[in-house]
Amino acid sequence: MKRSLFGRLWPNVTAVVLFAGFVFPVYWMFATAFKPTGDIIAEDPVWFPTDVTLEHFRTATGVDNFWTFVSNSLIVTVLAVVFSLVVALAGAFALARMRFKGRRGFVIGFMLAQMAPWEVMVIAIYMIVRDASMLNSLVPLTLFYMMMILPFTILTLRGFVATVPRELEEAAMVDGCTRLQAFRRVILPLLAPGLMSTSLFGFITAWNEFPLVLVLNKQADAQTLPLWLSSFQTVFGNDWGATMAASSLFAVPILVLFVYLQRKAVSGLTAGAVKG
């Protein structure tokens, strides 16, 4: 009896400990953003903010060109995700449905590209963009962010396409659909969970990218939010209140997108199962 109780209890205890370990830094970030400066620099940590203040948020959003950073980040991130999904859908369908020479090599190449650290290519990317006279522009950022997202997106969507029975596509073509129409009307709705998960990954990757924009875009009107986060670190020290407030604002779009896409992914999976 005791052994059975222990067997049921230890997985739950382990899950709670791991959950607390992952959630506590996020809680501390949001809590620090609302604490007065005195509570932040106090020797004894203040676990729960008593005097809530919005001064740090006003400092964070009062930085010059703040809304320019926001718009640039949204433009670059959304375009990179959309372009990568369009290209990845075609690539994933070809890898999952078609048989051609070198297909396995393509898959291995995508895996290697996903594992390769982009930071080692920053100098080469800078030279290419400089020679093309496209420094301080959002266009190269969008293209390179799309390239960073593309390998993972293709590999993930390839797995989702492979799980869709060929018979559904063939039945649609027998009923008069072309291959493109069968893909759009039959396969694409069933790929909703894959599209949601890859969109979330791509958004997080492009939203958080720092080295490329630091090297390629020196002008303030062409920079994005990750550089805004670093603006609260000076030679006189760190403004931890503003830094935590900025980090909280920076994380909110990702949290909202995660909650929204998670719900859509579950509904899309259920709809696909019913339709199948």
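## Who touches L95?

Leaving aside its neighbours within four places in sequence, which residues is L95 in contact with? In this predicted model, the list runs F100, R103, F106, V107, F110, I154 and R158.

L95 itself is found in helix α4. Is L95 buried or exposed? Its relative accessibility is 3%, so L95 counts as buried, the cut-off for that label being under 20%. Take V107 from the contact list: along the sequence L95 and V107 are 12 residues apart, while in space their C-alpha atoms are 7.9 Å apart.

## The nonpolar core

Now look at the largest nonpolar core, which has 55 residues. Which of these touch the most other members? They are I125, L141, Y145, L191, L212, L225 and W228. As for helices, α4 (residues 66-97) gives the most to this core, with 13 residues.

Pick out L191 from that group and see what lies around it. Once neighbours within four places in sequence are set aside, L191 is in contact with L89, F160, V161, V164 and F183.

## Where α4 meets α9

Two packed helices are described by the angle between their axes and the distance between the axes. For α4 and helix α9 (residues 179-190), the angle is about 95° and the axes are 13 Å apart. That angle falls in the 65 to 115 degree range, so α4 is roughly perpendicular to α9.

Who does the touching here? From α4 come L89, F93 and R97, and they meet R179, F183, I187 and L188 in α9. Sort the residues of this contact by type and you get five nonpolar, no polar and two charged.

## Where α7 meets α10

Next up is helix α7 (residues 138-163) with helix α10 (residues 192-208). Their axes come within 10 Å and cross at roughly 160°. Angles over 145 degrees count as roughly antiparallel, and therefore that is how α7 and α10 are described. The crossing of α7 past α10 is right-handed.

On the α7 side, the contact is made by Y145, M148, I149, F152, T153, T156, L157 and F160. On the α10 side you'll find P193, G194, L195, S197, T198, F201, G202, T205 and A206. By type, this contact splits into 10 nonpolar and seven polar residues, with no charged ones.

Definitions and conventions: Residues are numbered from 1 along each chain as its sequence is written. This is a predicted model: local features need pLDDT of at least 70, side-chain atom pairs count only at pLDDT 80 or more; totals for chains, interfaces and linings use all residues. Side-chain values use heavy atoms; hydrogens and water are left out. A nonpolar core is a set of buried Ala, Val, Leu, Ile, Met, Phe, Trp, Tyr and Cys residues joined through side-chain atoms within 4.5 Å. Buried means under 20% relative accessible area, exposed over 50%, partly exposed in between (1.4 Å probe, protein chains only). Helices (H or I, at least four residues) and strands (E, at least two) are DSSP runs, numbered from the N terminus. Contact means heavy atoms within 4.5 Å. Axes are lines fitted to C-alpha atoms, for helices over the stretch in contact, and angles run from 0 to 180 degrees between N-to-C directions. Angles under 35 degrees count as roughly parallel, over 145 as roughly antiparallel, 65 to 115 as roughly perpendicular and the rest as oblique. A crossing is left-handed if the near helix is turned anticlockwise from the far one by less than a right angle, and right-handed if clockwise. Ala, Val, Leu, Ile, Met, Phe, Trp, Tyr, Cys and Pro count as nonpolar, Asp, Glu, Lys and Arg as charged, and the others, Gly among them, as polar.
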